Amino acid sequence: MRFSLPRALLRACAAAAALAATAALAQAPAYPNAPITLIVPFAAGSGTDAVARTVGQKLSERLKQPVLVDNEPGANAQVGAVLAARAKPDGYTLFMTTNTSHSANPALYSSLKYDPIKDFTPVARVGELPFALVVSPALPVKSLPEFLDYARAHPATLSYATPNSTSLVAMESIKHIAKVDLLSVPYKSSPQALTDLLGGQVQAYVVDLGSGKSMLTGDKVRTLGITTAQPSPLLPGVPPIGQTVKGFDLTSWNGIFGPAGMPPAVVQRLNTELQAVLADKDTQDKLAQIGFQVWPSKTPEEFAQYVAQQLAHWRSLIQQAGIQQTTP
């Protein structure tokens with residue numbers, strides 16, 4: 001009898017604790033019950049910004065809460081990445097980014113203040129954003145072969161804008177494969193790079209279709225090639241760069257993350273809602289208008305595997321192009 005009372009008490013305490021936990025869970029507000037911040041590590045008007053605003057609006061409608069886009073450009077997407085990584089992992093701060101922060105930067109910089117794998121929770125891949133090589137119409141060239149010939153005849157005189165890793169790696173790959181000498185000019189944002197191309201401050205730019213599509217179909221710039229291996233219906237008549245620069249094939253991916261340690265149930269809820277958003281024809285049509293191709297991952301786990309693969313792929317691209325690491 002001496003031991004029956006403590007055991008009974010233990011059982012009673014355990015039952016009470018379980019009951020309290022169940023009650024607390026039942027009383028916890030359902031996610032989400034407050035606005036969600038979607039950090040974008042690029043400036044307003046960039047391709048990723050346009051995608052974020054379209055997807056964010058549709059996601060807001062499904063979650064019944066505002067999704068507020070917060071542009072945090074700087075340091076080749078590092079500023080936004082650090083802010084997102086350090087946010088509370090409760091699902092109220094998300095991060096829409098690209099291969100710049102999560103594939104290229106680890107190979108481009110000798111050190112980073114974030115780890116693209118350890119510091120983030122993958123939620124969903126959203127899709128791909130093709131890029132195109134455009135040049136100033138002031139240049140006496142009408143095709144990529146003519147541009148390369150002109151560059152060889154005028155070494156180290158033509159400059160190109162690099163506001164993100166895709167622009168940088170694309171042009172450095174062209175330089176390496178085609179053996180031309182061009183000057184790199186870094187920019188903080190895609191819109192400013194495009195403005196300076198139009199103004200003649202730089203002569204070439206590999207621009208995302210999201211921020212440059214309206215220009216690419218007019219006469220303000222001359223579009224010489226698209227970065228994807230296959231022609232794009234979004235730019236009829238524009239050949240892939242790889243037709244001239246053999247072995248060239250580059251595409252920018254886009255996806256949504258949260259900070260590391262997010263509750264699995266929240267991650268799954270967000271993934272489920274994003275699947276519905278990206279399956280919506282109106283969403284697809286709006287994104288197609290800015291040159292974006294919807295290509296969602298099926299699960300967060302699939303997206304995590306894709307991110308790891310792309311990290312290795314971009315490291316290989318950067319090494320092959322002979323790009324040296326720099327200090328952030």
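In this predicted model, the largest pocket has a lining of 18 residues, and those lying nearest its centre are Asn76, Tyr109, Thr162, Leu168 and Pro186. The space inside comes to about 320 Å³. Sorted by class, the lining splits into 8 nonpolar, 8 polar and 2 charged residues. Two elements, α6 (165–178) and β7, each put at least two residues into this lining, and α6 gives the largest share, with 3 residues.

One of those two elements, β7, also belongs to a sheet. Here 5 strands line up as β7-β6-β8-β5-β9, making an open sheet with mixed pairing. At the edges sit β7 (183–186) and β9 (222–226), each of which pairs on one side only. Going from one strand to the next, the twist averages 30 degrees. Further in, β6 (residues 159–162) and β8 (residues 204–208) run parallel and are joined by 2 bridges. Tyrosine 160, for its part, has alanine 204 in β8 as its bridge partner.

Helix α4 (residues 99–108) and α6 have axes 9 Å apart and pack at an angle of about 55 degrees. How are the two helices set relative to each other, oblique or parallel? An angle under 35 degrees would count as roughly parallel, and 65 to 115 as roughly perpendicular; at about 55 degrees, α4 and α6 are therefore oblique to each other. On the α4 side, the residues that meet α6 are Asn99, Thr100, Ala104 and Leu108, and their counterparts in α6 are Ser165, Thr166 and Leu168. This contact takes in 3 nonpolar and 4 polar residues, with no charged ones.

By class, the lining of the second largest pocket holds 7 nonpolar residues, 7 polar ones and 1 charged.

Terms used:
Residues are numbered from 1 along each chain as its sequence is written. This is a predicted model: local features need pLDDT of at least 70, side-chain atom pairs count only at pLDDT 80 or more; totals for chains, interfaces and linings use all residues. Side-chain values use heavy atoms; hydrogens and water are left out. Two strands pair if DSSP finds at least two bridges between them. Helices (H or I, at least four residues) and strands (E, at least two) are DSSP runs, numbered from the N terminus. Axes are lines fitted to C-alpha atoms, for helices over the stretch in contact, and angles run from 0 to 180 degrees between N-to-C directions. On a 1 Å grid over the protein atoms alone, a cavity is a set of points where a 1.4 Å probe fits but cannot get out, and a pocket is an open set with protein on both sides within 12 Å along at least five of seven lines; lining residues have an atom within 4 Å of a point. Grid points are joined across faces, edges and corners, and a volume is the space filled by probe spheres set on the points. Ala, Val, Leu, Ile, Met, Phe, Trp, Tyr, Cys and Pro count as nonpolar, Asp, Glu, Lys and Arg as charged, and the others, Gly among them, as polar. Angles under 35 degrees count as roughly parallel, over 145 as roughly antiparallel, 65 to 115 as roughly perpendicular and the rest as oblique. Contact means heavy atoms within 4.5 Å.
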